[in-house]
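This briefing reviews a structure in terms of its ligand surroundings, one of its helices and its overall fold. Please consult the sequence and coordinates shown below alongside the text.

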Amino acid sequence: MRSGFICIAGLPNAGKSTLINSLVGEKVAIVSWRPQTTRNKIVGIVNTDDAQIVFIDTPGMLNARNKLGSYMMKSVQSGLKDVDGVIYVVDAAKGVSEFDASTMAQLAAKAPVIVALNKQDAVTRETMFAAMQAMKDIPDVKAIVPLSAKKGENLDALLHEAVRLLPEGEKMYPDDMYTDRTMRFMAAEIIREKALYLLDKEVPYGIGVNINKFELCEDKPIYDIDADVVCEKQSHKAIVIGKGGGMLKKIATAARADLEELTGRQVFLTLYVRVKAEWRDSEYLMRELGYDVKDLKD
Ligand SMILES: Nc1nc2c(ncn2[C@@H]2O[C@H](COP(=O)(O)OP(=O)(O)OP(=O)(O)O)[C@@H](O)[C@H]2O)c(=O)[nH]1
Ligand SMILES: [Mg+2]
């Protein structure tokens, strides 16, 4: 039996969260076409016949422009700490950047690195080949696995390579546990995901979600969920609410469908929109929204 930790890292939008979801077979992390979707490190656990692999999804690596950005980068560092290996995800359509190459070399000095060359479904064989060629001179990359996280192609090969990096050891988590995150956390993330999909321009990046109530009704099998959708400006609040409340209704309807899947129950969802000016630069307000640097391992 082998068991251990593998961190999934890479540039924003490379497909890290799509990959962890496909590997785990459950939605543990939200996904969107916008860069900077993931803000926390999130664990997803895979059990095979002879191994337990604890994957850690991390935010895309970027230059922090505010306190939230610094928190996200600390989450990446914390996710990379004491792992048995790293899966570095590259978007094959974008190719291998200088940043990718130097990051992989740096990571490889600390833990074995496997490259997941993702989105093979979206590019030609020639593009795939060129991306593989660009990586052949990077030192110490253990394996390069071309795959499609979205279509679930070649994930077995990646799992095989990941298991090889793990030490002998017993399982660390029970078989039925597939994430370290609570339903409450997932609920907030699902609402944020819908906001990322439905809102435009800079508005979605300043959205945070706080769950006020998450309760099973006493008399019926229905979850009663109340949440604040927090934005940064009064003008954004008007956009999030939309004409006649139309936008908020759209976000709530889309979120409710996923929340019902998450809880396996009917969901009664109420959303409020609140303005918290510059919350992404306030440690106090960030903490209220669940982003606390103290929660991260140094
Ligand atoms: N065609 C294609 N698209 C993919 C694949 N994997 C991910 N995507 C898309 O790429 C976009 C980004 O996916 P995410 O999984 O959110 O990427 P991420 O690396 O977690 O992004 P951040 O959290 O922002 O760092 C989404 O639109 C996905 O649907 C893939 O294998 N093929
Ligand atoms: Mg992500």
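Helix α1 (residues 16-24) contributes three residues to the shell around ligand 1, the most of any contributor. The model is predicted, and the protein in it comprises nine helices and nine strands.

**Surroundings of ligand 1**
- The shell around ligand 1 consists of 23 residues, and the closest are Gly-15, Ser-17, Thr-38, Gly-60 and Lys-150.
- Sorted by class, this shell holds 11 polar, eight nonpolar and four charged residues.

**Helix α2**
- Helix α2 spans residues 67-80, 14 residues in total, and extends 20 Å between its first and last C-alpha, close to the 20 Å expected at 1.5 Å a residue.
- The buried residues in α2 are Leu-68, Tyr-71, Met-72, Ser-75, Val-76 and Gly-79.
- These residues lie on the same side of α2, because they cover an arc of only 145 degrees around the axis.
- An α-helix has 3.6 residues a turn, so residues three or four places apart point the same way.
- The cover over the buried residues of α2 includes β1 (2-10), β3 (51-57) and α9 (283-288).
- After α2 comes Asp-82, which has a positive phi near 55 degrees.

**Overall fold**
- The C-alpha trace spans about 55 × 40 × 40 Å along its principal axes.
- Buried residues make up 41% of the 298 residues.
- Among contacts with a separation of 6 or more, 69% involve residues 24 or more positions apart.

Conventions. Residues are numbered from 1 along each chain as its sequence is written. Chains are lettered from A and ligands numbered from 1 in the order in which they are written. This is a predicted model: local features need pLDDT of at least 70, side-chain atom pairs count only at pLDDT 80 or more; totals for chains, interfaces and linings use all residues. Helices (H or I, at least four residues) and strands (E, at least two) are DSSP runs, numbered from the N terminus. The expected span of a helix is 1.5 Å times one less than its number of residues. A residue is buried if 20 or more other C-beta atoms lie within 10 Å of its own, exposed if 12 or fewer, and partly exposed in between; C-beta atoms are placed from the backbone. The arc is that of the directions from the helix axis to the C-beta atoms. Two residues are in contact if their C-beta atoms, placed from the backbone, lie within 7 Å. A residue is near a molecule or strand if its C-beta atom, placed from the backbone, lies within 6 Å of it. Ala, Val, Leu, Ile, Met, Phe, Trp, Tyr, Cys and Pro count as nonpolar, Asp, Glu, Lys and Arg as charged, and the others, Gly among them, as polar.
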